[in-house]
Amino acid sequence: MNREDEISIVAFCCNECSYAAADLAGTSRIQYPPNVRIIRVPCTGEVDLTYILKAFNEGADGVIVAGCLKERCHYTDGNLKAEARVEFLKEIFESIGLGKSRLEMYFMSSAMSDVFVNKVKEFTETIRQLGKVSSS
């Protein structure tokens, strides 16, 4: 497969939990798809809708927002605010025909590297089945 044909996924990961889970996966040598580009953010509550839209505009075929476990956000409720934004944007994506499956929110602790890897693999497979976002 050409590099141009490979899908691109952006993952906004909170510093305290999901980024730490991804880092643990790496130090444990647990592989996950190399087409996932992680953007480390202090808290998913800081992930504005425009960041997600910009990721798609710049070539992402799918976007993940991954934060702390529900009710365990290191910044009180940032992950719940992010979840509301993601759900709002998914509804918009569905209404314009992009489909809500191209955007997902996951919750995990820093010790859940297996959950991080499994979610990323599942999401990557979903996006592969959907194909690249049309650039027209």
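This is a predicted model: local features need pLDDT of at least 70, side-chain atom pairs count only at pLDDT 80 or more; totals for chains, interfaces and linings use all residues.
A disulfide is a covalent bond between the sulfur atoms of two cysteines. Cys 13 is in no disulfide: the nearest cysteine sulfur belongs to Cys 14 and is 7.4 Å away.

What about Cys 73, buried or exposed? With 11% relative accessibility, Cys 73 counts as buried. The closest cysteine sulfur to that of Cys 73 sits in Cys 43, at 3.9 Å, which is too far for a bond.

## The sheet

Now let's turn to the strands. Strands of a sheet pair through backbone hydrogen bonds, either parallel or antiparallel. Here, 4 strands form an open sheet with parallel pairing, in the order E2-E1-E3-E4. Which strands stand at the edges? They are E2 (36-41) and E4 (103-107); each has a single partner strand, so one side of each is left without a neighbour in the sheet. On average, neighbouring strands of this sheet are turned by 20° against each other, direction ignored.

Take a look at one pair: E3, residues 62-67, joins E4 in the parallel sense over 5 bridges. Within this pair, Val 63 stands opposite Leu 103 of E4.

## Helices on the sheet

Helix H3, residues 78-95, packs on the sheet and touches E3 and E4. Its direction makes about 160° with that of E4.

Helix H4 (residues 113-130) lies across E1 (9-14), E2, E3 and E4. Relative to E3, helix H4 runs at about 160°.

Technical notes:
Residues are numbered from 1 along each chain as its sequence is written. Side-chain values use heavy atoms; hydrogens and water are left out. Two strands pair if DSSP finds at least two bridges between them. Helices (H or I, at least four residues) and strands (E, at least two) are DSSP runs, numbered from the N terminus. Axes are lines fitted to C-alpha atoms, for helices over the stretch in contact, and angles run from 0 to 180 degrees between N-to-C directions. Contact means heavy atoms within 4.5 Å. A disulfide is a pair of cysteine sulfur atoms within 2.5 Å. Buried means under 20% relative accessible area, exposed over 50%, partly exposed in between (1.4 Å probe, protein chains only).
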